[in-house]
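Good morning, and thank you for the time.

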Amino acid sequence: PTMAAVVLDLGRLYTKYGFAGESAPRGAIRSNMWQLFERQVPASQSEFVQALNPILSQVFLKELQINPRERAVLVCEHILLLNTFKQALAYVLFETFRVPQVSFVPEPSLAIFASDVGSESPTVIADGMVLSC
């Protein structure tokens with residue numbers, strides 16, 4: 001049997017985590033990455049890598065108690081996610097934790113899948129933008 005993918009929602013203040021197929025996140029931990037996002041000069045990839053390592057270590061090893069090498073990872077991609085952050089996250093997941101697969105899924109799409117409303121044309125309002133599928 002295939003193991004469920006880990007779902008990560010990395011926010012500026014909190015990181016939510018859980019497994020695909022569950023109705024709600026398993027938990028949340030403080031990320032405290034807001035300082036890296038709200039500076040005048042954008043953070044570098046290495047600064048994001050340095051911030052992400054302990055967060056992901058806590059999620060995988062302490063909170064979920066899993067071997068990340070055995071699980072695919074689904075990342076909730078926020079609409080305005082910095083490319084530098086995305087590259088740093090992919091680097092940490094592949095190089096440090098050796099996950100087999102990473103998928104970045106736009107946040108509005110995940111909201112539609114999670115709602116299971118059964119509508120043929122759901123609408124999501126995110127950060128003032130209206131997105132229809």
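A residue is called exposed when its relative accessible area is over 50%, and buried when that value is under 20%. Please keep in mind that this is a predicted model.

I begin with P100. Is P100 buried or exposed? Its relative accessibility is 53%, and therefore P100 counts as exposed. The residue sits in the loop that links α3 (83-96) to β5 (102-106). Setting aside neighbours within four places in sequence, P100 has contacts with P68, R69, R71, A72 and F94.

Turning to the chain as a whole, 4 helices and 7 strands are assigned. Read from the N terminus, their order is β-β-β-α-α-β-α-β-α-β-β. Of the 133 residues, 37% are buried. Where contacts join residues at least 6 apart in sequence, 56% of them link residues at least 24 apart. The accessible surface amounts to about 8,100 Å², and carbon and sulfur atoms account for 52% of it.

Finally, I come to the second largest pocket. Its volume is about 250 Å³. Which residues of the lining lie nearest the centre of this pocket? They are R12, F37, H78, L80 and L81, out of 12 lining residues. By class, the lining comprises 7 nonpolar, 2 polar and 3 charged residues.

Technical notes
Residues are numbered from 1 along each chain as its sequence is written. This is a predicted model: local features need pLDDT of at least 70, side-chain atom pairs count only at pLDDT 80 or more; totals for chains, interfaces and linings use all residues. Side-chain values use heavy atoms; hydrogens and water are left out. On a 1 Å grid over the protein atoms alone, a cavity is a set of points where a 1.4 Å probe fits but cannot get out, and a pocket is an open set with protein on both sides within 12 Å along at least five of seven lines; lining residues have an atom within 4 Å of a point. Grid points are joined across faces, edges and corners, and a volume is the space filled by probe spheres set on the points. Ala, Val, Leu, Ile, Met, Phe, Trp, Tyr, Cys and Pro count as nonpolar, Asp, Glu, Lys and Arg as charged, and the others, Gly among them, as polar. Helices (H or I, at least four residues) and strands (E, at least two) are DSSP runs, numbered from the N terminus. Buried means under 20% relative accessible area, exposed over 50%, partly exposed in between (1.4 Å probe, protein chains only). Contact means heavy atoms within 4.5 Å. Accessible areas come from the Shrake-Rupley method with a 1.4 Å probe; for residues, only the protein chains shown count as cover.
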